[in-house]
Amino acid sequence: QLQLVESGGGLVQPGGSLRLSCAASGFTLDYYAIGWFRQAPGKEREGVSYISSSGGNTRYADSVKGRFTISRDNAKNTVNLQMNSLQPEDTAVYYCAALDASKGWSLAPLWNKYDYWGQGTQVTVSS
């Protein structure tokens, strides 16, 4: 069965750090771009960061640029999101999703184009 599983979420104080991981089961991530999306209560789904299948291209939302870093390790079939200097407005459920690279890198910001989704992991930033 094709599956993505997120891990690493939790409760952290403002200014703290977390590292989220996205692991694939049943397929290889080598041929997929990966996006991280988040959704907070009362807000629309928001694209956070994207990485191309090779890892050669990355993009970040303006709100997280300079604080978050996306990376991938295709040998381990995982993608990570390092989150530093976390703020209360970062509180949300974070999802990873896989986009078939043949669809094109330009589609990465479009959540409805992704092929597979994880169940999400909760990140709460609070004092």
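**Salt bridges in a predicted model**

Q: Which residue does Asp 115 meet in a salt bridge?
A: The side chains of Asp 115 and Lys 103 meet in one, at 2.8 Å from N to O. Keep in mind that this is a predicted model.

Q: Where do Asp 115 and Lys 103 lie?
A: Asp 115 and Lys 103 lie in the loop between β9 and β10 (116–117), so the pair ties together parts that are 12 residues apart in sequence.

Q: How accessible is Asp 115? And Lys 103?
A: Asp 115 has 31% relative accessibility, so it counts as partly exposed. Lys 103, at 38%, also counts as partly exposed.

Q: How many salt bridges does a search of the whole structure find?
A: The search finds 4. One of them pairs Asp 90 with Arg 38, at 3.0 Å from N to O.

Q: Where are Asp 90 and Arg 38?
A: Asp 90 is in the loop between β8 (78–83) and β9 (92–100), and Arg 38 is in strand β4 (residues 32–39). They are 52 residues apart, so the pair ties together separate parts of the sequence.

Q: Is Asp 90 buried or exposed?
A: Asp 90 is buried, with a relative accessible area of 0%. Arg 38 is buried too, at 6%. The cut-off for buried is under 20%.

Q: What about Asp 90 and Arg 67?
A: They form a salt bridge, with the closest N and O atoms 2.8 Å apart. Arg 67 sits in the loop between β6 (58–60) and β7 (68–73), 23 residues from Asp 90. Arg 67 is buried, at 12%.

Q: Which residues do shared partners join into one network?
A: Arg 38, Glu 46, Arg 67 and Asp 90.

Notes
Residues are numbered from 1 along each chain as its sequence is written. This is a predicted model: local features need pLDDT of at least 70, side-chain atom pairs count only at pLDDT 80 or more; totals for chains, interfaces and linings use all residues. Side-chain values use heavy atoms; hydrogens and water are left out. Helices (H or I, at least four residues) and strands (E, at least two) are DSSP runs, numbered from the N terminus. Buried means under 20% relative accessible area, exposed over 50%, partly exposed in between (1.4 Å probe, protein chains only).
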